[in-house]
Amino acid sequence: MAESKKTESTDAKALEGTKIKWDDSNMKSAYANVCNVASTREEVVLLFGINQAWHSGQKEIPVQLTDRIIVSPHAAKRLSILLDNVLREYESRFGALPDPRTSG
């Protein structure tokens, strides 16, 4: 674990003063109201889709999966930190979101 922290620290120092240029010329946008995640030792798979069932009490809810994003565990960790920061800021401005693990 100490090796990992040393590598991360070294990587951060190597990037100091480096400007990142974002090229969005091939970027696509998609809407999703459903997300699921699976993983192996080598990758994290994010599945996105659309739930078009708007009636409560349905026995089966069809979800059309539209996009799959595969990232390394390191990229997934960075994404987790970024999402946590964005949601913290969102909730400070607009109020707390319900916990999906406890809301029906």
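This report walks through the fold of one protein chain, from its overall plan to its surface.

## About the model

The model is predicted: local features need pLDDT of at least 70 and side-chain atom pairs count only at pLDDT 80 or more, while totals for chains, interfaces and linings use all residues. Residues are numbered from 1 along each chain as its sequence is written, and side-chain values use heavy atoms, leaving out hydrogens and water.

## The overall plan

Two helices and three strands make up the protein chain. Helices (H or I, at least four residues) and strands (E, at least two) are DSSP runs, numbered from the N terminus.

Strands β1 (residues 34–39) and β2 (residues 44–51) pair in the antiparallel sense over six bridges; two strands pair if DSSP finds at least two bridges between them. Four residues form the hairpin that joins β1 to β2, and V37 has L46 in β2 as its bridge partner.

β2 also pairs with β3 (residues 63–71), again antiparallel, over eight bridges. Here I50 stands opposite Q64 in β3.

## Helix α2

Helix α2 covers residues 73–94, 22 residues in all. After α2 comes G95, with a positive phi near 100 degrees.

Of the 104 residues in the protein chain, 8% are buried, meaning under 20% relative accessible area with a 1.4 Å probe, protein chains only. The chain exposes about 9,900 Å², with carbon and sulfur atoms supplying 55% of it; these areas come from the Shrake-Rupley method with a 1.4 Å probe.

Notes:
Expected span 1.5 Å × (residues − 1). Buried < 20%, exposed > 50% of the residue type's maximum accessible area, 1.4 Å probe, protein only.
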